[in-house]
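Trainee: Could you take me through this structure slowly, one question at a time?
Mentor: Gladly, and here it is.

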Amino acid sequence: MAVDYKALKNGGFMRQVQKDNFSLRLKVVGGNLTAEQLITIAEIAKKYGASAVHLTSRQGVEIPFIKLPDVEAVKAELAAGGVDTGVCGPRVRTVTACQGSDICPSGCIETYGLAKDISDRYFGRELPHKFKFGVTGCVNNCLKAEENDVGVKGGLIISYDKAACTMCGVCVKACREGAITEDGEALALDTAKCNNCGRCVKSCPFDAWQGKPGYIVSFGGTFGNKIAKGEEILPIIEEREALFRVADAALAFFDKNAKPSERFRVAIERAGWDALKTEILEAYNNG
Amino acid sequence: MADLPYTIDAEVDATDVVCPVTFVKAKVALEELDDGQILAVRLNDGEPVQNVPRSVKDEGHQVLKLVDNGDGTYNLIVRKVGD
């Protein structure tokens, strides 16, 4: 029987230069693996591969040199060790994330849980072409949100409690956007300049600046054959439900407007940014 | 809220170093103080004034004020909290 290389590739077995050897892509969500999963991966790499793994550019792990006759055994042993195989081809790919506010002092949103929710909802979904989600915890953007088809960046929606403020002056300097000014009597915030970085909240010694986590979403990023930065077309999103409505709408737009093997960015440019914006705004507003 | 009154107990000049040594100098100076004493840390504009107040806060100390010296430097006034 002929080998169905396409089915193997869809299931994460990537053909190598060496005949009937495969680099097996594993499912990793948000760049997070448990120690037990790492041990399983190491054991499989030793037993069936070449005692090595490759770390991919998008936080994935691949085990190269898996032999064709071992494919089913490898899948079963990985599953028994709590490791899933990944995907390739025209579908939603690995969801990437930085460590976020659970770990990182700069983080404005909790990223692992969000990456897992996004992955649970969309991972592997069939689409006209590959589709990538990335989640970064703050505007430092370690995870490079805008290079993804849909990028999510954490921010803080800030508010000011004048009664708690001592006019110490720390936030005026901590803000890199020049959004906070003081006249000796009171502080003034220029919301048009605020980029939701949260540095005022994190630096304020008197908790006069308060921040609510929010999502800054970018659309149409791609960083392969074509390079383009994802664009923000919405204000910062406060509610998780609204974020998912917007993501649903982005995938629906892609499914409806893209030709086969066409990336989200190309589809947006052909259908028009205004068309995308109309559908995304509708999803954003209709809770 | 009006300015908090304070009397400076010790001073350190961190304008001769760059981050993160700026914060290290402040931290070392704070270690030599007793709980409740006040330190003035002289900082350059730019990264030091953007970052050192937050680092001092994260260490659990109470930042009281950032005073503009008018010469491109600032004095960060910190009350030591804890030993």
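Mentor: The model is predicted, and local features need pLDDT of at least 70, side-chain atom pairs count only at pLDDT 80 or more, while totals for chains, interfaces and linings use all residues. Residues are numbered from 1 along each chain as its sequence is written, and chains are lettered from A and ligands numbered from 1 in the order in which they are written.

Trainee: How far does helix α4 of chain A reach from its first C-alpha to its last?
Mentor: Helices are DSSP runs of H or I with at least four residues, numbered from the N terminus. The expected span is 1.5 Å times one less than the number of residues. For the 12 residues 111-122 of α4(A), 16 Å is expected, and the helix comes close to this with a reach of 16 Å.

Trainee: Why are the buried residues of α4(A) on the same side?
Mentor: Among the buried residues of α4(A) are Leu114(A), Ile118(A) and Tyr122(A), where buried means that 20 or more other C-beta atoms, placed from the backbone, lie within 10 Å of the residue's own.

Trainee: Which element gives the largest share of the side of chain B that touches chain A?
Mentor: Residues are in contact if their C-beta atoms, placed from the backbone, lie within 7 Å. The contact takes 14 residues from chain B and 12 residues from chain A. The largest share of chain B's side, 6 residues, comes from α2(B).

Note on methods: Helices (H or I, at least four residues) and strands (E, at least two) are DSSP runs, numbered from the N terminus. A residue is buried if 20 or more other C-beta atoms lie within 10 Å of its own, exposed if 12 or fewer, and partly exposed in between; C-beta atoms are placed from the backbone. Two residues are in contact if their C-beta atoms, placed from the backbone, lie within 7 Å.
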